[in-house]
Amino acid sequence: MIGEPVEELPLPPPFMWSCIACELFLLRLARKWDDPAGCFWEQLETARHIVESHPGEVPPQHLDGCELCPEYARRGDDHAADVWAQHRARDLFMPPSLARLL
Ligand SMILES: [Zn+2]
Ligand SMILES: [Zn+2]
C-alpha cells in the first residue's frame, strides 16, 4: 500500500522514563500532540534538556540523507554544535518529518 507516511510518535527510549524531568516533558508533549505547532516550545525545551542532562543519549549524526546534519557539521562553531545536538535529540521523541525540520 502506498499512501501518506504514518506519523506516529516514536516510543521514547527507557532513559526518558527514568528521569522525572523527561517524563514531565513527554507528558506535556503528549497532551499537545494534536497541534504540533502549538507545542514548539515544549519540543525545544525537551531537546535542550536531553542535550544538557543526558549527553550520552544524544544520537550520532544521521547518515540516512538528513539535509541538516552535514550543514551543522560544516559550520563547526559552538552554537552550531549545540543546535546540532538538539536536532539529533529530537529524533528520540518526535516523528522524523517533524524532528528534522530544525
Ligand atoms: Zn531527563
Ligand atoms: Zn540530522
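Among contacts in the protein chain between residues at least 6 apart in sequence, what percentage join residues at least 24 apart? The figure is 59%, where two residues are in contact if their C-beta atoms, placed from the backbone, lie within 7 Å. The structure is a predicted model, in which local features need pLDDT of at least 70 and side-chain atom pairs count only at pLDDT 80 or more, while totals for chains, interfaces and linings use all residues. Residues are numbered from 1 along each chain as its sequence is written, and chains are lettered from A and ligands numbered from 1 in the order in which they are written.

The protein chain contains 6 helices and 0 strands, and its elements run α-α-α-α-α-α from the N terminus on. Helices (H or I, at least four residues) and strands (E, at least two) are DSSP runs, numbered from the N terminus. Of the 102 residues of the chain, 21% count as buried. A residue is buried if 20 or more other C-beta atoms lie within 10 Å of its own, exposed if 12 or fewer, and partly exposed in between.

The largest nonpolar core has 11 residues, namely Met 16, Cys 22, Phe 25, Ala 47, Ile 50, Val 51, Ala 89, Leu 92, Phe 93, Met 94 and Ala 99. Such a core is a set of buried Ala, Val, Leu, Ile, Met, Phe, Trp, Tyr and Cys residues joined through C-beta atoms within 7 Å. At least two residues of this core come from each of α2 (20–32) and α3 (40–53), and α3 supplies the largest share, 3 residues. Val 51, a member of the core, is in contact with Val 58, Ala 85, Gln 86 and Ala 89, leaving aside its neighbours within four places in sequence.

Two packed helices are described by the angle between their axes and the distance between the axes. Axes are lines fitted to C-alpha atoms, for helices over the stretch in contact, and angles run from 0 to 180 degrees between N-to-C directions. The axes of α2 and α3 come within 10 Å and cross at roughly 160 degrees. This makes α2 roughly antiparallel to α3, a term for angles over 145 degrees. On the α2 side, Ala 21, Cys 22, Phe 25, Arg 28, Leu 29 and Lys 32 meet Glu 42, Glu 45, Thr 46, His 49 and Ser 53 of α3. By class, this contact has 4 nonpolar, 3 polar and 4 charged residues. Here Ala, Val, Leu, Ile, Met, Phe, Trp, Tyr, Cys and Pro count as nonpolar, Asp, Glu, Lys and Arg as charged, and the others, Gly among them, as polar.

Helices α4 (residues 68–75) and α5 (residues 78–90) pack at an angle of about 160 degrees, with their axes 8 Å apart. Helix α4 is therefore roughly antiparallel to α5. Leu 68, Tyr 72 and Arg 75 of α4 make the contact with Ala 80, Val 83, Trp 84 and His 87 of α5. These residues divide into 5 nonpolar, 1 polar and 1 charged.

Cys 19 lies in the loop between α1 (14–17) and α2, and counts as partly exposed because 17 C-beta neighbours lie inside 10 Å. Its C-alpha atom is separated by 9.6 Å from that of Ser 53, 34 residues apart along the chain. Arg 100 is placed in the segment after α6 (96–99). With 18 other C-beta atoms within 10 Å, Arg 100 is partly exposed. Leaving aside neighbours within four places in sequence, Arg 100 is in contact with Cys 66 and Leu 68. The C-alpha atoms of Arg 100 and Cys 66 are separated by 7.6 Å.

Note on methods: Parallel < 35°, antiparallel > 145°, perpendicular 65-115°, else oblique.
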